Structures are given as structure tokens and as C-alpha cells.
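Biologist: I have a protein model open and want to learn how to read it. Can you take me through it, feature by feature?

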Amino acid sequence: MSEIINNSSQRKELLRHLLLRLHEGENPEVLRQRLIEVLRNIPYNEVVEVEQELINSNALTEAEILEFCDLHTAVLDGSIDLEGAKAIPAGHPVDTFKKENIALKNEVIKITDLFNKASELSDNQLPGYILQLRTVLNNLSDVDKHYLRKEYLLFPYLEKHLITGPPKVMWGKHDEIRELLKNSFEALGSPISTAEEMRSIVQLVLAPAIEMLDGMIMKEEEILLPMAMDTLTDDEWYKIYQETPEFGYCLFDPEDEWEPSGVKVEKQEYVSADAIRLSSGAFNMAEIEALFIHLPIDITFVDKNDKVRFFSHSPNRVFERNRSIIGRDVRMCHPPGSVHIVEQILTDFKSGKENKAVFWMSKFMGNRFIYIEYSAVRGKDGEYLGVVEVTQDITQMRKLEGDQRLLSYSEK
């Protein structure tokens, strides 16, 4: 048995075998005991390698790994070896992620304690109990900032290092957690008349959301963050550090500043030049920069190779964008659940079958009405050059009636 414990390839093969058996329907607890008996623990980097190999070999699809992600966590919890993990400097992006996880864990403990009190809840205690649950859920909803930074800052760099499987799977779990938290808020906002009804909501709606959120903390602490520390360069981490404030922080306000020694990263600025001449006129760089900032629409351009080349960076964008997506495959900029739609649009635009795709969302981010239009960009001879995405918040437009013929400035 010791030869397995000390042999990386044999450890990974055993883990691969156990995970495949898990997907075939075997009892997770039995497999967990087998893992503990044979391996006792497995280095975090080997867990990532095995899941990436399962995807690359087509033994399991990303959707299948996503479906069984929580069972993977249950099997591996307590068996991952972090002894070789790098030290994390104060103020480093990973230090911030970890301190946010501590704050999230504290909220998880609070709400779990409330769940445990549900069995003794009486009808007259119901209003105060619901208020306490809402308070903690409001705090936990801050996790979206944490997830957005992973999706738009960390994951692009992992992909550049050919680590694609774990980011896709995690993004899918983020969306599941978001949906479960949304359902939890809606459940608490509906009329709840008895303590028994409240107990059912806790068990069927709230508890699964918190369990999945808590599981994500474990995945980050024991797998993602140590692996990311091993993979990214200080230069890459510093770029993440510089862009982190654009997304905000989750239940934690960092005080430590971090600047890696030996890394000189200049402030990122957009390219400037004297003028850009077009067939119908010209702009200097200051003018065109200001134009894109003040347009009442958001624009993103993806080139013919499916790489993001440009986005307008107005302060009131509907969807988050940051400079780390420049040069990124557009498929990686969307959650796994919508990648098939992106693929269909690209295929139809490139073939010439279609030129426009339109979507709208009527209950988005505080009941805003969002209109999204994708258009194929073609050259003079009809050749495909890419696709432009235009997004606009038309909530107020849908309310317009009659005429507006007199001067009337909008509110500042």
C-alpha cells in the first residue's frame, strides 16, 4: 500500500477509477472510505490533474463532472493534502479570497444555527425568525462579487495555462448557487403562515443553497486556490490585484497592500494616437474614447477567430467587463449553461446562414428590461470579420407614451 501512497501516477489512477465508479452510481460514502483506506490523502494538484484528464479523454463530459461535482467534494473532503501549498503574502489576491471565505463561513455558521432552531420554532416566533434568516441571506448574497472576480479575473489566466476544466465546472456551480440563493429570497418573500411551513422551506429550499455555497468554500480552499498559486506568475497576480477593486469585495475590506518584488507593472491604459480616419469621417483618440464611454449602449466586439478584441467601458455597463477578457475566447466569457447558444450563433454567422440574433430579459437585476443584439460583422466582399454584441437597458423606453416634442433634460 505504501508504494501507492508514494507514487503519483498510481495515486491519480486510483482516484480516477474511484471517481468513474462514483459516476456509475456507487455509494459515495463507501468510495470515500476506500479512498481513506488506500491513500489517506492526495495532493491538491493531482485532484485537478485527474479531473482535467477525465474531460480531455472524453471519459466524462464537463456536464457530467458538473452534475457530480458535489459528490466529488463529499468523497474528497478531508483527504486532500495541502502540505506542499505555497505561503500567501498579506494583501495578495488569494489572501483576499481566503479572508472572504472566512467571512462567508461565519455567515454559514450563523444560518446553520438558525436552521437547527427551526425544530423548536412556534408560529408566533415566525416573523422574527424570518427577519433573522433574511439578514444572513443578505450578507451571503455578497458572494456574487467573490464569484465574479474568479470568473473574470482568475479563470482567464488559468485558461492561458491550459487549465480549462475546473474553471468551467466551477462557473457552472456558481450559477447553481446564484439560482438557489435567488429561490431562497423568493421563498422567504412569499406568505409563510405556520412554523411547519417554515421548516419545510428551510429543509427543501434554504439548506441546499447553503450546503452548496459551503461546499464551494471547500473546493476553493483545498483545490482551486493552492493550484492557482502554483500556476500563475507574480506578474499575472499583480494584474488581477490591480483590477480587483473594479468588482468590489465580499464581506471583507482589505487593508494590506501587495506589490510583488521584481515586478514592474505599469498602469494599464488604452492605446492613444493622433487620429483614426474612417470612410465617413475621423476622430482623434480622446474623442473616440469619450464617445464609447458616453454611448447609451454597451458594445463588445469579437473577431473572426472568436477572440474578444474590444469592449466599451462606460461606467454604467449592464454586464461586467474588464481588460482581462481581451484576447480571451468568447466561449470562456459565458457561463457553461449558455455556451451552446454562443456556439450556435458563431456557427450560423460564419456560414452566412444568419446575420442577427436578438434576446431580451424582462426581470433582470431589479426588474430592468435588457435588450441584447448580436450582429455579424462582414467586410466589403461579405467575408466574416467577427460579431458585435450591443446591450441596452430599455426599461424606461418601454414606459414611454404619447409624444415628447419640447426640450426636457433628463435628471442628473
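Biologist: Leaving aside neighbours within four places in sequence, which residues are in contact with Tyr129?

Modeller: Contact means heavy atoms within 4.5 Å. By that rule Tyr129 is in contact with Leu114, Phe115, Ala118, Leu121, Met198 and Val202, leaving aside neighbours within four places in sequence. Keep in mind that this is a predicted model: local features need pLDDT of at least 70, side-chain atom pairs count only at pLDDT 80 or more, and totals for chains, interfaces and linings use all residues. Residues are numbered from 1 along each chain as its sequence is written, and side-chain values use heavy atoms, with hydrogens and water left out.

Biologist: How many residues does the largest nonpolar core have?

Modeller: First, the idea. A nonpolar core is a set of buried Ala, Val, Leu, Ile, Met, Phe, Trp, Tyr and Cys residues joined through side-chain atoms within 4.5 Å. Buried means under 20% relative accessible area, exposed over 50%, and partly exposed in between, with a 1.4 Å probe and protein chains only. Here the largest core has 74 residues. Tyr129, Leu133, Leu154, Leu158, Met198, Leu213 and Trp237 have the most contacts inside it. Helix α11 (residues 195–231) gives the largest share of this core, 16 residues.

Biologist: How many helices and strands does the protein have?

Modeller: Helices (H or I, at least four residues) and strands (E, at least two) are DSSP runs, numbered from the N terminus. The protein comes to 14 helices and 9 strands. Of its 412 residues, 43% are buried.

Biologist: What span is expected for helix α9, and what does it reach?

Modeller: The expected span of a helix is 1.5 Å times one less than its number of residues. Helix α9 (residues 143–160) has 18 residues. From first C-alpha to last it reaches 25 Å, close to the 26 Å expected. Now look for a bend, the angle between axes fitted to the seven residues ending at a position and the seven starting there. In α9 a kink of about 40° lies at Leu154, shortly before the proline Pro156.

Biologist: Why is α9 described as largely enclosed by the rest of the structure?

Modeller: Because 15 of its 18 residues are buried. Lys150 lies in this helix. Lys150 is buried, with a relative accessible area of 1%. Not counting residues up to four places away in sequence, Lys150 touches Phe97, Phe155, Pro156, Met170, His174, Met216, Glu220 and Leu224.

Biologist: Which strands pair with β5?

Modeller: Two strands pair if DSSP finds at least two bridges between them. Strand β5 (residues 298–303) has 5 of its 6 residues buried, so it is largely enclosed by the rest of the structure. It joins β9 (residues 384–393) through 6 bridges, running antiparallel. In β9, Val388 is the bridge partner of Phe301. β5 also pairs with β6 (residues 308–311), antiparallel, over 3 bridges. There Thr300 has Phe311 as its bridge partner.

Biologist: How many residues lie between β5 and β6 in their hairpin?

Modeller: There are 4 residues between them. In the turn, Asp306 has a positive phi of about 70°, although it is not a glycine. Is Asp306 buried or exposed? Asp306 is buried, with a relative accessible area of 5%.

Biologist: What joins β8 to β9?

Modeller: 9 bridges join strand β8 (residues 368–378) to β9, and the two run antiparallel. Ser375 stands opposite Val388 in β9. The hairpin of β8 and β9 has 5 residues between the strands, and there Gly382 takes a positive phi near 85°.

Biologist: How many disulfides are there?

Modeller: A disulfide is a covalent bond between the sulfur atoms of two cysteines. The test is a pair of cysteine sulfur atoms within 2.5 Å. By this rule the count is 0. Cys250 is buried, at 0% relative accessibility. Cys333 is buried too, with a relative accessible area of 10%.
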